[in-house]
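Thanks for coming, everyone. Please take a look at the structure on the screen, and then we will go through a pocket and a helix pair.

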Amino acid sequence: MRFQGSAFPPNSSVRHAAELDASSSTSLCIVTEEETVYCEVAWVEVSAPVGNLPIRFKFADGWMFVADRTPQINEWLKRNKRSSFVEKMETKRFAWLLSVVCCIGVIVGSYVYLLPWLSEKVAHAVPDTVAVALGDKVLASLDEHWAPSELSTLDQEQIRTRVSHYLSQIEPLPYSVDIVFRSSEMGANAFALPGGKIVVLDQMVKLAANEQQLDSIILHELGHVHHRHMLKRLVHSSILSVGVSLLTGENSGVIDNMAGVGVFLLSNGHSREAEMEADEYAKHNMRVIYGSSEAMAEMFERFSQQEEFAIPEWLNSHPDFDERIEAARN
Ligand SMILES: [Zn+2]
């Protein structure tokens, strides 16, 4: 099989009348009046067949053969799997779709399975000093909006002493606990910061009718400390923002904003799952310390009777409120 056309020597625009010998299945041969050039088919670059445009066969040594599309050439192209431009695009489109689907699968899979697993591992690997420093940083940011506690030093010390007393009766926590008091217009609330710092607002102390009720809230926060919820969420968001910045190239202030992220996470409350875990921890330990978790249910009820706009962190999953009271009693 021979095709008629023109040949161009390497780096030359001088046209030679030529033939392309395609009788061999493994090699092609350009035959001009003066020269005969061979090249293995595998090393021949063939232009993509588009419409009726001439086909170019570029040899590895730079020789080029150009011929108009003929049925013969089409047959050779077909036999050598040089499919049409459209077909190529179809194949590419399929490959493209497949890679998009794979990418989405990897991203979703990472988000659903890898990220929580990694957050858990990293949160456990973060040195205590770093966790404590992070907690201090978050508190410093919050202090811009909060006022100092109006509780007397004696009242504060009494609560701290009581907590440290019952801490010796329960399973040791990953961090040493530091209870601090603040006042805020946001109403009755309490927070567990990374590194074992627990913030109790004066309004929460006032809302509690007795020590046991207040302790049920402090124990709920200790549940967040026990499960390292805050640190896990911080790590989770940080990995996420690093991941997003890697994907988008936007990396301004990923590390700097850690404390800011912490404040944001606190104001958004924990996930429903984390709240349940903290409730479960509080309930269990109320029974260990006081022999009953009734005060916890009472505290939840007390809060439900309050006409407050802000839903406190420990009741973040508002629709499940009755469920949580029920769970505290069961
Ligand atoms: Zn909570």
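Which helices each supply at least two residues of the lining of the largest pocket? Three do: α2, which is 85-125, α7, which is 229-248, and α9. Keep in mind that this is a predicted model.

Let's stay with the pocket. The space in the largest pocket is about 400 Å³. Its lining has 13 residues. Closest to the centre are Pro 116, Lys 232, Arg 233, Ser 271 and Glu 273. The largest share of the lining comes from α2, with five residues. By class, the lining has five charged, four polar and four nonpolar residues.

Now to the helix pair. Two packed helices are described by the angle between their axes and the distance between the axes. Here the pair is α6, residues 211-226, and α9, residues 272-290. Their axes come within 7 Å. They cross at roughly 125°. The crossing of α6 and α9 is right-handed.

Who meets whom? On the α6 side, the residues in contact include Gln 212, Asp 215, Leu 219, His 220 and His 226. On the α9 side, they include Ala 274, Glu 275, Tyr 281, Asn 285 and Tyr 290. By class, this contact of α6 with α9 has nine nonpolar, seven polar and three charged residues.

One link to take away: α9 meets α6, and α9 also supplies at least two residues of the pocket lining.

Key: Residues are numbered from 1 along each chain as its sequence is written. This is a predicted model: local features need pLDDT of at least 70, side-chain atom pairs count only at pLDDT 80 or more; totals for chains, interfaces and linings use all residues. Side-chain values use heavy atoms; hydrogens and water are left out. Axes are lines fitted to C-alpha atoms, for helices over the stretch in contact, and angles run from 0 to 180 degrees between N-to-C directions. Helices (H or I, at least four residues) and strands (E, at least two) are DSSP runs, numbered from the N terminus. A crossing is left-handed if the near helix is turned anticlockwise from the far one by less than a right angle, and right-handed if clockwise. Contact means heavy atoms within 4.5 Å. Ala, Val, Leu, Ile, Met, Phe, Trp, Tyr, Cys and Pro count as nonpolar, Asp, Glu, Lys and Arg as charged, and the others, Gly among them, as polar. On a 1 Å grid over the protein atoms alone, a cavity is a set of points where a 1.4 Å probe fits but cannot get out, and a pocket is an open set with protein on both sides within 12 Å along at least five of seven lines; lining residues have an atom within 4 Å of a point. Grid points are joined across faces, edges and corners, and a volume is the space filled by probe spheres set on the points.
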